[in-house]
Amino acid sequence: MGHLIGLTGGIGAGKSTVAAMLAERGAVVIDADRVAHEVYQPGTEGHAKVLERFGTDVLDTDGTIDRMKLGAVVFGHSAALEDLNAIVHPLVRSEVAQRVAEATGADPGAVIVIEAALMTETGWTGGAGVLWAVLAEAEVVVARLVATRDMDPAETQVRMATQASNDERRRAASVIIENNGTLLDLEGTVDAAWRELSEHLAS
């Protein structure tokens, strides 16, 4: 079995950037958040279950589920969000497990990174024994999201409030990637973590 790493981080922390850096260094990255969108594409079990629970108001004109419409229904509504998670999470876990098996079948020594936003909140690390967390201070996240995604500062606060705090992630994670500086700073931090991992695997 390959070496599994669960990679998590809140909105705007830079999790996807770190995942891309790890891929450049040879890791196989499985984006569980992307898988979550794939499991409710038209024709899937997930699509049928989401429609059954939330109705056709969440559909786009082409029959796909509109993530913005679905997000508007569940964000800030804990019961609705729990219902959506109860539909999506088991399907995601099954699909991720299948992709991990395929990756380790192709290369038994592979480093496999399972990237997912809500690992701390759900207690799920994709079967990984090691959890890496990408963290950024709240004011850095707000400034970053306003600049890069044109998000309203109040909306960023709502999104952040639904996620685990940095302290909670620190307690859950084995490796912390701090991302409050430049991209170059982040490269250095990821390099150090990757080097330590490589040395650990070689020993």
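**Close-up views of a predicted model**

View 1. The model shown here, and in every view below, is predicted. A rolling probe the size of a water molecule shows where empty space is left between atoms. Which residues lie nearest the centre of the second largest pocket? They are A136, M160, A164, N166 and R169, and they belong to a lining of 13 residues. Helix 7 (138-149) supplies at least two residues of this lining, and so does helix 9 (166-172).

**View 2. A buried methionine in a loop.** M151 has its place in the loop between helix 7 and helix 8. Is M151 buried or exposed? M151 is buried, because its relative accessible area is 11%, and buried means under 20%. Setting aside neighbours within four places in sequence, M151 is in contact with I11, L145, V146, T156 and R159. R159 returns in the next view.

View 3. E155 and R159 both sit in helix 8 (residues 153-161). They are four residues apart, about one turn of the helix. Side chains of opposite charge can pair when their charged atoms come close. Here E155 forms a salt bridge with R159, and the closest N and O atoms are 3.6 Å apart. Both partners are partly exposed: E155 has a relative accessible area of 33%, and R159 has 24%.

View 4. The model's salt bridges come to a count of 13. One of them joins the side chains of E24 and R25, at 3.9 Å from N to O. How exposed is E24? Its relative accessible area is 62%, so E24 is exposed. The linking goes on from this pair: E24, R25, E187 and D191 form a network of salt bridges.

**View 5. A salt bridge between an exposed and a buried residue.** The side chains of R34 and D31 meet in a salt bridge, with 4.0 Å from N to O. The two ends of this bridge can be read one by one. R34 is exposed, with a relative accessible area of 54%. D31 is buried, because its relative accessible area is 18%, and the limit for buried is under 20%.

**View 6. A buried glutamate in a strand.** E115 lies in strand 3 (residues 111-115). E115 is buried, with a relative accessible area of 3%. What joins the side chains of E115 and K15? A polar contact of 3.2 Å does. Apart from neighbours within four places in sequence, E115 is in contact with several residues, including L7, S16, A19 and V29. D31, from the previous view, is also among the contacts of E115.

**View 7. The largest nonpolar core.** In soluble globular proteins, nonpolar side chains tend to be buried together. The largest nonpolar core in this model has 33 residues, and V50, V92 and I114 touch the most other members. Helix 2 (32-38), helix 3 (45-54), helix 4 (67-74), helix 5 (78-106), strand 3 and strand 4 (130-135) each supply at least two residues of this core. Which helix gives the most to this core? Helix 5 does, with nine residues. Leaving out neighbours within four places in sequence, V92 is in contact with A32, V35, A36, V39 and W124.

**View 8. A second core.** This core is separate and has 25 residues, including I11, V18, V111 and V113.

Note on methods. Residues numbered from 1 in each chain as written. Predicted model: local features only at pLDDT ≥ 70, side-chain atom pairs only at ≥ 80, totals over all residues. Heavy atoms only, no water. Buried < 20%, exposed > 50% of the residue type's maximum accessible area, 1.4 Å probe, protein only. Polar contact = N/O pair within 3.5 Å; in protein donor to acceptor, adjacent residues only side chain to side chain. Contact = heavy atoms within 4.5 Å. Core = buried A, V, L, I, M, F, W, Y, C linked by side-chain atoms within 4.5 Å. 1 Å grid on protein atoms, 1.4 Å probe; cavity = no way out; pocket = protein on both sides within 12 Å on 5 of 7 lines; lining within 4 Å.
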